[in-house]
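Please read it with the sequence at hand.

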Amino acid sequence: MALLEVDRIHAFYGHIHAVKGVSLQVDQGEIVTLIGSNGAGKSTTLKTISGIIRPRQGRVLLAGEEISRLPPHTIVARGVGQAPEGRRIFPRMTVLENLEMGAFHRADRGDITADLERVFTLFPRLRERRTQAGGTLSGGEQQMLAIGRALMARPRILLLDEPSMGLAPVLVEQIFAIIQDINRQGTTILIVEQNALMALSVTQRGYVLQTGEVVLEGSAANLRQNELVRKAYLGESS
Amino acid sequence: MSEETARLERIGVSSGWRSKAPVGLLAAAMAVYPWVDARLGLQTLGAMLPICLFVVLALGLNIVVGYAGLLDLGYAAFFAIGAYTAAFLTSPISPLPFRTDFWSAMIIGFFVAMLFGVILGAPTLRLRGDYLAIVTLAFGEIVPRVFLNLERWTGGSRGMNPIGRPHLFGVQFGPSDRIAWYYLILIVGALSVWAISRLHDSRLGRAWMAVREDEVAAASMGIDLVKTRLLAFAMGASFSGFAGSMFASLFQFVDPSQFEFSISILVLCMVILGGMGNMYGVIVGGIILASFDRILADRLTNWIHGVGKAIDWPLLLSIDLTNARMFIFGLALVLLMLFRPEGMLPSRQRQVRRDREGGAVAARLPRPVPTEHEAATEG
């Protein structure tokens, strides 16, 4: 049984039929990407999984249990952690307070020091800046904080929405390397990404979304070789 | 590691003040005030009673506006509901078939106001900023009007009088027992400060802050937005409710004109002037504005008239600061927004320090997160 199963969902963004019957699966321990150009429905799919948008049809299952009718905060509590699009860190809270907010819904509050240590080991920059206000961090540091904050919830699956957005190429590489480390440490990850090349180089499998439908799926290695992907997303002219 | 733990503990306890000394000083000054007033012959103790009640009101509104970031323009409505609840439960002219003592009325006033907070909040807190402000504005207008028009029960514009008095260990709380009233209100105020600071440092308090900072992020932390906001609204309303019941008993009279829009605005000004989100700032802001309203405007006018007579300048005699109160509050707010937008004593979250290496300059952080463009050039 897949850890996360998206079963033929249809979702609307306003009046736009943004997701037209998308199905995908993520197994325990996997790292999977959902790639596609702007407006392909990637973020809408992710928002449907996290409960911000209700699907008109179809279901989302977490470990076999339907979560698509639950409110967003309950979905987080069930173990779907997320670093939302645009990072969304709390600008006036310190780095440490932001990370503590990540553990908000957890009952075992005594135990968060171990998770803090884990996040600080993954992102030494955050340890240096832990007393600084989130809003004063650079873009890359804010992305690190958003990922670290999501990890503080000890999610069963981590959803990352465009982690490369607005970052310099060096930083993108650095952040994706850490994402890969997080996966190796046992966290299941689903990344939505426009930067297909980067995403396919760190993930195991991928889905290609086009105008709200999955047009291709397969192992990351195969997708990297695929003619359509190369032309459309990897910027190769034939 | 131990440093982190220590820091965690500190976050739980401290609410943004570097030391507790100023708080102790303020408490001591308040405690000896009746003695100072008597020694200096200031005759301000009578005015201090409503001033302190207004501070409790401001503390309650600070939960809604400062902590949860919800703009409530009809806060006086809950004050009215608390006052009328006390009147209905204790006044001999009340239409109810039973009466209670003052203390029960105060506690019931607390819960009735809370209930109305939930009734108003449940359908409206799904609305965003501006819409919520409009709905609360309307609510603030409707409530006094309802009390005005339910003449058969409330006496309409004639108001309700008398109202039950508190009894405590044989101490009298008559209209002239100002010292007894003063300490009663002070104790209630101190309990409110204690309760609100516990709320601020609680899980709920952190949820309020997160929702105020960024609601999308708060939701993805597993915070229930509607429930969190509703609790802020209900808690804010309840503090206003019991302040209202004390207000009614203190003046032995309630009528709808005591709860007009200008009261909501006055309390909001106290919160903004003092520093939204910082309880001690709000106390100071409340004391300054309310004492200007109740004491200084009057005294300054007399003083200016005295000077006018002495130097024979009729222009000075025509000045009446009590009529210009709202103008002066407005001016003070405009100046404050220009020079110190975070309030006199900003909350810690609002006075963000930049890099420690960059010196201790307090940087005013714009409210939104840096845009993608800015972030990209920084990153």
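**Cysteines, helix packing and aromatic pairs**

B:C52 counts as buried because its relative accessibility is 8%, where buried means under 20% relative accessible area, exposed over 50% and partly exposed in between, with a 1.4 Å probe and protein chains only. This is a predicted model, in which local features need pLDDT of at least 70 and side-chain atom pairs count only at pLDDT 80 or more, while totals for chains, interfaces and linings use all residues. Residues are numbered from 1 along each chain as its sequence is written, chains are lettered from A and ligands numbered from 1 in the order in which they are written, and side-chain values use heavy atoms, with hydrogens and water left out.

**Cysteines**

- Over all chains the count of disulfides is zero, a disulfide being a pair of cysteine sulfur atoms within 2.5 Å.
- B:C52 is in no disulfide, and the nearest cysteine sulfur, that of B:C269, is 19 Å away.
- B:C269 is likewise in no disulfide, and B:C269 is buried, with a relative accessible area of 6%.

**Helix packing**

- Helix α5 (residues 102-124) and helix α11 (residues 225-251) of chain B pack at an angle of about 145 degrees, with their axes 7 Å apart. Axes are lines fitted to C-alpha atoms, for helices over the stretch in contact, and angles run from 0 to 180 degrees between N-to-C directions. Helices (H or I, at least four residues) and strands (E, at least two) are DSSP runs, numbered from the N terminus.
- The crossing of α5(B) and α11(B) is right-handed; a crossing is right-handed if the near helix is turned clockwise from the far one by less than a right angle, and left-handed if anticlockwise.
- Residues in this contact include B:F102, B:M106 and B:F110 of α5(B) and B:F233, B:F239 and B:F242 of α11(B), contact meaning heavy atoms within 4.5 Å.
- By class, the contact of α5(B) with α11(B) has 16 nonpolar, seven polar and no charged residues. Ala, Val, Leu, Ile, Met, Phe, Trp, Tyr, Cys and Pro count as nonpolar, Asp, Glu, Lys and Arg as charged, and the others, Gly among them, as polar.
- The axes of helix α13 (residues 279-310) and helix α15 (residues 325-339) of chain B come within 11 Å and cross at roughly 145 degrees, and this crossing is right-handed.
- B:L289, B:F292, B:D293 and B:A297 of α13(B) meet B:R325, B:I328 and B:F329 of α15(B); by class, five residues are nonpolar, none polar and two charged.

**Aromatic pairs**

- The structure holds 20 aromatic pairs over all chains. Rings of Phe, Tyr and Trp (its six-membered ring) pair if their centres lie within 6.5 Å; planes under 30 degrees apart count as stacked, over 60 as edge-to-face and the rest as tilted.
- The rings of B:F54 and B:F79 form an edge-to-face pair, because their centres are 6.0 Å apart and their planes at 65 degrees.
- B:F54 lies in helix α3 (residues 45-67) of chain B and B:F79 in helix α4 (residues 76-90) of chain B, so the pair ties together parts that are 25 residues apart in sequence. Both B:F54 and B:F79 are buried.
- B:F78 and B:F139 form a tilted pair, 5.4 Å centre to centre with 40 degrees between the planes.
- One aromatic cluster is formed by B:F54, B:F79, B:Y84, B:F88, B:F147, B:F247, B:F251 and B:F259.
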